[in-house]
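Subject: Structure handover

Hi there,

Here is the structure I promised to pass on to you. Have a look at it first, and then read on for my notes.

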Amino acid sequence: MDKKRGSAGLLVFVTVLLTLATAAGGLTAYIKLADKIVVDRKEYEEISGKLDKYGKLIEIDDTIADEYLFDYNEEGIMESAYRSMLASLGDEYTRYLDEDELAELRDNVNSTFTGTGIVFRQSDDGFVITEIITGGPADAAGLKVGDIITGVDGKEYTDQQQLRDALKGDAGSTVRITYKRGDETMDVNVVRGEIVDASMESGIIDSKIGYVRIKSFGKETYSDFDKAIRDFEKAGIRKLIIDLRSNPGGLFETGIKIADRILPKCLITYTEDKNGVREDYNSDDECIDMDVVVIVNEKTASTAEVLTAAIADNGAGKVIGMPTYGKGIVQKMYEYDDGSAVNITTKQYFSPNGRTINKTGIIPDESVEQSADAAEDVQLARAKAILGD
């Protein structure tokens with residue numbers, strides 16, 4: 001390697017580090033002399049340590065720039081480095097997000113996105129539609145739950161993510177979906193549009209049981225939940241089913257607010273960071289006066305598990321279904337000026353009784369298995385039976 005080139009690279013790296021440190025308030029004492037910066041010894045030693053750590057990376061970057069035969073995407077190389085650094089931690093929830101991935105994550109949290117309004121899963125029969133968002137483009141086009149997607153725009157797919165990407169697109173664009181219903185294979189053109197997927201559904205079962213299905217914890221979920229509870233109370237409802245099946249989580253703060261709405265004064269959950277610093281989350285005196293059953297399954301995760309554990313440990317309701325997923329950790333988002341971000345695990349949370357949730361999950365009070373091809377929702381039927389006893 002050209003030593004002059006390497007030295008120049010290191011000098012540039014020092015300059016970048018100094019700039020970043022200064023912007024972040026990291027340099028507490030420095031003097032600018034013409035085009036040079038003089039720092040105190042402590043700051044210099046910190047910067048020198050960074051050079052020792054990342055010097056090899058800089059040399060490799062210089063070697064690529066000087067020697068590599070073919071054209072390459074320099075930005076792509078850096079993005080790969082960011083992703084690899086975080087992936088090497090072995091934590092599936094700690095990851096780098098580019099601008100598009102960050103936008104998609106925000107859409108999911110806000111329950112708004114552009115697409116067809118189809119939810120599907122991969123099975124032995126193919127890609128089976130499990131949910132059609134009411135009022136969405138697929139609903140308007142006549143697609144139904146149970147239809148099997150066999151192609152998009154004339155192309156067949158075997159990868160679930162690739163199919164999902166094929167269904168995405170700008171609002172107003174058209175996608176041709178080939179699907180199988182029974183023995184008949186058909187095509188339908190679906191005009192993509194903006195989808196507003198309500199994170200919660202509610203209603204009254206058998207004129208005596210309030211039913212709330214929380215699909216995720218978004219910004220509007222608490223207000224929807226609070227309205228449903230008030231409507232139940234006005235109707236004289238004193239029994240409540242909270243359906244958290246296949247809820248992947250969402251906004252932690254929303255889950256805490258819902259737990260506070262349900263529970264009397266008590267500990268909801270607590271978190272601990274890498275240094276063992278604990279933070280408690282408590283509810284106040286105001287609470288609902290209802291018999292509660294919570295339904296969970298193996299896809300109930302994260303914030304949904306926090307809510308389930310809070311209800312169970314405080315004796316506020318019975319949990320039925322299958323053991324939950326076991327995601328008991330908290331991520332913090334760090335966003336950058338270029339629109340990218342790092343989502344990094346910073347804490348883990350525990351049940352009020354000190355139970356570990358991460359990689360353990362919540363074990364229901366009563367195990368009730370739901371077969372995927374069962375005609376009856378046996379878990380919901382059992383919840384109703386418990387409240388009817």
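Predicted model: local features only at pLDDT ≥ 70, side-chain atom pairs only at ≥ 80, totals over all residues.

**Salt bridges around Arg83**

In total, the structure holds 19 salt bridges. Four residues, Glu79, Arg83, Asp98 and Glu101, are joined in a salt-bridge network. Two of the links in it involve arginine 83.

The side chain of arginine 83 meets that of glutamate 79 at 3.8 Å, N to O. These two residues sit in helix α3, which covers residues 74-87, and they are four residues apart, about one turn of the helix.

Arginine 83 also forms a salt bridge with glutamate 101, at 3.2 Å, N to O. This pair links distant parts of the chain, with arginine 83 in helix α3 and glutamate 101 in helix α4 (residues 99-110), 18 residues apart.

How accessible are these side chains? Glutamate 79 has a relative accessible area of 18%, so it is classed as buried, the limit being under 20%. Arginine 83 comes out at 28% and is partly exposed. Glutamate 101 is partly exposed, with a relative accessible area of 28%.

Lysine 215 pairs with glutamate 201, and their closest N and O atoms are 3.7 Å apart. Lysine 215 is buried, at 12% relative accessible area, whereas glutamate 201 is partly exposed at 36%.

**Isoleucine 177**

The last stop is isoleucine 177, in strand β8 (residues 174-181). Is this residue buried or exposed? Isoleucine 177 has a relative accessible area of 0%, and because buried means under 20%, it counts as buried.

Which residues does isoleucine 177 touch, leaving aside its neighbours within four places in sequence? The contacts are Ile118, Leu143, Ile149, Gly151, Leu167, Met186, Asp187, Val188 and Val190. Among them, valine 188 is eleven residues from isoleucine 177 in sequence, with a C-alpha to C-alpha distance of 5.4 Å.

That is everything I have for now. Happy browsing!

Best wishes

Note on methods: Residues numbered from 1 in each chain as written. Heavy atoms only, no water. Buried < 20%, exposed > 50% of the residue type's maximum accessible area, 1.4 Å probe, protein only. Contact = heavy atoms within 4.5 Å.
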